[in-house]
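Hello,

Here is the structure I promised to pass on. Please look it over, then read my notes below.

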Amino acid sequence: MLFLNIIITLLCIWIVMYMNTAFLQPALLDRYRFRLFSLRDRLAMAAMRGEIEADSTEYSALCTMINMTIRLARNVEPLAFVQFILQLKNKETAYSFEDLKTMSEAARADEYKKIVNEYFAITCSLFRFNTSVVFYLVALPMAIVAKFSSTMARWLKKFKDAKGYVSSFAH
Amino acid sequence: MTDQPEPLQANGWYVLLEVVRGILRLAQTGNIIGLVLIALIAQVAFVTYKLTPEMLDRQMTEAYHLLSREKFYIFPLCATILAISFFCFYRCRMLKEEIKRISEVRSALIHGLEHGTMQHLAKHHPSNYTPE
């Protein structure tokens, strides 16, 4: 009986782990993707109604940023999302958050401003989703190792920079 | 002659770094259960190390009796069924909401284009996203 109980328990743990990786985690990530798709649809419909000019830089910039975030909304590569936010901060992409904020402030359409604000809020939540488990669950070992490893120290600094940057736009 | 990078020395700090990297990867893929298992194993190892031989013998006997019970397997099986039911329910609800949203957008587009309140977009901006 002991052997059977142990086998069944281990099998159950493996099934739950598999289901978590194969179904729950992709579903949690899809929740953010769907919100971004919804934002993009709202933006396109506002352009079709003539509230926003479809050939304007504001429209193209927001579409580009939403599309980039949809493509990067995955948690396969460790710290890929941190890297993406840092690229925005260091202006290595065509548009940055600052550009979007400036365009949103100058825009006349209220719908555009609302969409930009929601985009910042979703990106901030996505950043937390992609990184919080990694950084808060292993924060202590990382902090200890960072004292002795320059690589870990660099990672921690990058994370703090990206987190501060993305959070500043979400409020 | 080419400059070959010096092989890393497998000292204690290197092993610790590798362990942290492994945990990071585990957390990144959302395998919280794997992390909980590691924490449990570490705790059992620590308690076993700290216990006296007499106490350890008693604990092991109790654990043996618990695992040897005839109906013990019902608990992990029930927990697994509950967890799988939750995963399926969550995913179904989310997909239903998305289908509802898409149908609303489609309906708004058809009515808008029919009544002339909307115009076709000259340029489309695809995300080029492909599901994994």
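Predicted model: local features only at pLDDT ≥ 70, side-chain atom pairs only at ≥ 80, totals over all residues.

Why does A:Phe159 count as partly exposed? A:Phe159 has 19 other C-beta atoms within 10 Å, so it is partly exposed. The scale is this: a residue is buried if 20 or more other C-beta atoms lie within 10 Å of its own, exposed if 12 or fewer, and partly exposed in between, with C-beta atoms placed from the backbone. A:Phe159 sits in helix 7 of chain A.

Residues are numbered from 1 along each chain as its sequence is written, while chains are lettered from A and ligands numbered from 1 in the order in which they are written.

**The two chains**

Chain A has seven helices and zero strands. Its pattern along the sequence is α-α-α-α-α-α-α. Helices (H or I, at least four residues) and strands (E, at least two) are DSSP runs, numbered from the N terminus. Chain A has 171 residues, and 29% of them count as buried. Take its contacts with a separation of 6 or more: 75% of these join residues 24 or more positions apart. Two residues are in contact if their C-beta atoms, placed from the backbone, lie within 7 Å.

Chain B holds four helices and zero strands. From the N terminus on, it reads α-α-α-α. Of its 132 residues, 5% are buried.

**The core**

The largest nonpolar core has 30 residues. Such a core is a set of buried Ala, Val, Leu, Ile, Met, Phe, Trp, Tyr and Cys residues joined through C-beta atoms within 7 Å. Those with the most contacts inside it include A:Leu43, A:Leu62, A:Ile66 and A:Tyr119. At least two core residues come from each of helix 1, helix 2 (57–72), helix 3 (80–89), helix 4 (97–106), helix 5 (110–137) and helix 7 (150–169) of chain A. Helix 5 of chain A gives the most, with eight residues. Leaving out residues up to four places away in sequence, A:Tyr119 touches A:Leu39, A:Leu62, A:Met65 and A:Ile66.

**Helix packing**

Two packed helices are described by the angle between their axes and the distance between the axes. Axes are lines fitted to C-alpha atoms, for helices over the stretch in contact, and angles run from 0 to 180 degrees between N-to-C directions. Angles under 35 degrees count as roughly parallel, over 145 as roughly antiparallel, 65 to 115 as roughly perpendicular and the rest as oblique.

Start within chain A. Helix 1 and helix 2 of chain A pack at about 165°, with their axes 10 Å apart. That makes helix 1 of chain A roughly antiparallel to helix 2 of chain A. The crossing is left-handed, meaning that the near helix is turned anticlockwise from the far one by less than a right angle (right-handed if clockwise). Among the contact residues are A:Leu39 and A:Leu43 of helix 1 of chain A, and A:Leu62 and A:Ile66 of helix 2 of chain A. By class, this contact has nine nonpolar, one polar and two charged residues. Ala, Val, Leu, Ile, Met, Phe, Trp, Tyr, Cys and Pro count as nonpolar, Asp, Glu, Lys and Arg as charged, and the others, Gly among them, as polar.

Now across the chains. Helix 1 (residues 2–48) of chain A packs against helix 3 (residues 53–68) of chain B at about 80°, with axes 8 Å apart. The pair is therefore roughly perpendicular. A:Leu2, A:Asn5 and A:Ile6 meet B:Tyr64, B:Leu67 and B:Ser68 there.

**Two more positions**

A:Gln25 lies in helix 1 of chain A. It counts as partly exposed because it has 18 C-beta neighbours inside 10 Å. B:Leu40 belongs to helix 2 (residues 32–50) of chain B. With 10 C-beta neighbours inside 10 Å, B:Leu40 counts as exposed.

Best wishes
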